[in-house]
Amino acid sequence: MFGKIFILLCITKIIFKEVASIIEEYSKYKEYTYIDELTGVYNRRKFDETFKELLNSDTINNFSLVLFDVDSFKQINDKYGHLSGDIVLRDISYLVEKHLRENGENGQLFRFGGDEFFIIFRNRSGNEVKKIMVEIVKKISCTEFQCNSFKIKASISAGIVEATPGVMGKHIISQGDKNLYEAKARGKNQVYLQ
């Protein structure tokens, strides 16, 4: 009898070890599914899921969305090369995430594609987010990005939209995009909230 119990315990231990291994592999897979390889921030897939959850949420009444991109990014790539452009994107992502984390701003950063990024701020008004983004824009424009032997100056422009209940997701993104282009039309390196 004791021998059977011992064998059963050994088999159970092996099964639990295999299940733990499967769970760990699944977690790694899920991380790779949601993380942008270049910048290490959330990717578009994760943005789409998070955005949809917020639009359908009964507990989060409002949120603000920021759309930003790197000003004249094509010129950076053309002048310094695409690898330097990648370094600028990675370092800007790092600076934005660091600012959000260190200041407890509760914003989630997503790389949407190319040099375009979104930040979602739950339960924050557009005016609150504008103050945060003005600080971030200033910090980035004061930074020199070290890319091989080059020191590159870069800036970002940002459009903010405050999402209110019942507004369609497409309208929110479209308004953020319009606000981004307005920031660029006003001279770049700035934040615009209509």
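**Close-up 1. Strand 1 and its burial.** Strand 1 (residues 63-70) is mostly covered, with eight of its eight residues buried (under 20% relative accessible area with a 1.4 Å probe, protein chains only). Phe63, Leu65, Leu67 and Asp69 point one way from the strand and Ser64, Val66, Phe68 and Val70 the other way, and all are buried. The structure is a predicted model, in which local features need pLDDT of at least 70, side-chain atom pairs count only at pLDDT 80 or more, and totals for chains, interfaces and linings use all residues. Residues are numbered from 1 along each chain as its sequence is written, and side-chain values use heavy atoms, leaving out hydrogens and water.

**Close-up 2. Strand partners of strand 1.** Strand 1 pairs with strand 3 (residues 116-122) in the antiparallel sense over seven bridges (pairing requires at least two DSSP bridges). Phenylalanine 118 of strand 3 is the bridge partner of leucine 67. Strand 1 also pairs with strand 6 (residues 156-163), in the antiparallel sense over eight bridges. Here isoleucine 156 of strand 6 is the bridge partner of valine 70.

**Close-up 3. Helix 3 against helix 4.** The axes of helix 3 (residues 73-80) and helix 4 (residues 82-102) come within 6 Å and cross at roughly 135 degrees (axes are lines fitted to C-alpha atoms over the stretch in contact, and angles run from 0 to 180 degrees between N-to-C directions). Phe73, Ile76, Asn77 and Tyr80 of helix 3 make the contact with His82, Ser84, Gly85, Val88 and Leu89 of helix 4 (heavy atoms within 4.5 Å).

Notes. Helix = DSSP H or I, 4+ residues; strand = E, 2+ residues; numbered from the N terminus. Buried < 20%, exposed > 50% of the residue type's maximum accessible area, 1.4 Å probe, protein only.
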